[in-house]
Amino acid sequence: RRSIFSGAEIYSISMALIELAECILRDKAEIHPVTVNIKGYHDVPDDLFLSVPAVISHQGVSHITTANINPSTDAQSFVTVVEHLRNNIDKTLARLN
């Protein structure tokens, strides 16, 4: 039976997991891209899971790092992207039901 992963993929996934585990076990408080619920982040109203930079420590994800964004343009762009994601998720779920 063939694996769907190559050796390099398995190695890189393993190394990423080791890094995350080390941050938690040694309370390193390092920034890593992880998938988290961003509800409340930049006024996201609903549960939505995205990969964002977050601080990983003995608490797991201790907090999401905040980006330096221009409140008038970049924040609205972020909200627009989140709305598009939410709409696509809703459409896909409606098609599946």
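A salt bridge is a side-chain nitrogen of Lys or Arg within 4 Å of a carboxyl oxygen of Asp or Glu. A search of the whole structure, which is a predicted model, finds 2 salt bridges.

Select strands E1, E2 and E3. They form an open sheet of 3 strands in the order E1-E2-E3, and their pairing is antiparallel. From one strand to the next, the twist averages 55°. In general, strands of a sheet pair through backbone hydrogen bonds.

**The hairpin.** Next, select E2, residues 49-57, together with E3; 4 bridges join these antiparallel strands. The two strands form a hairpin with 2 residues between them. Display Ser57 and then find its bridge partner in E3, Gly60.

**The helix.** Select residues 7-25, which make up helix H1. Helix H1 lies across E1, E2 and E3 and runs at about 100° to E1.

**The charged network.** Finally, show the side chains of Glu22, Lys28 and Glu30, which are linked in a network of salt bridges. Side chains of opposite charge can pair when their charged atoms come close. Between Glu22 and Lys28, the closest N and O atoms are 3.3 Å apart. The salt bridge of Glu30 with Lys28 spans 3.6 Å, N to O.

Note on methods. Residues are numbered from 1 along each chain as its sequence is written. This is a predicted model: local features need pLDDT of at least 70, side-chain atom pairs count only at pLDDT 80 or more; totals for chains, interfaces and linings use all residues. Side-chain values use heavy atoms; hydrogens and water are left out. Two strands pair if DSSP finds at least two bridges between them. Axes are lines fitted to C-alpha atoms, for helices over the stretch in contact, and angles run from 0 to 180 degrees between N-to-C directions. Contact means heavy atoms within 4.5 Å.
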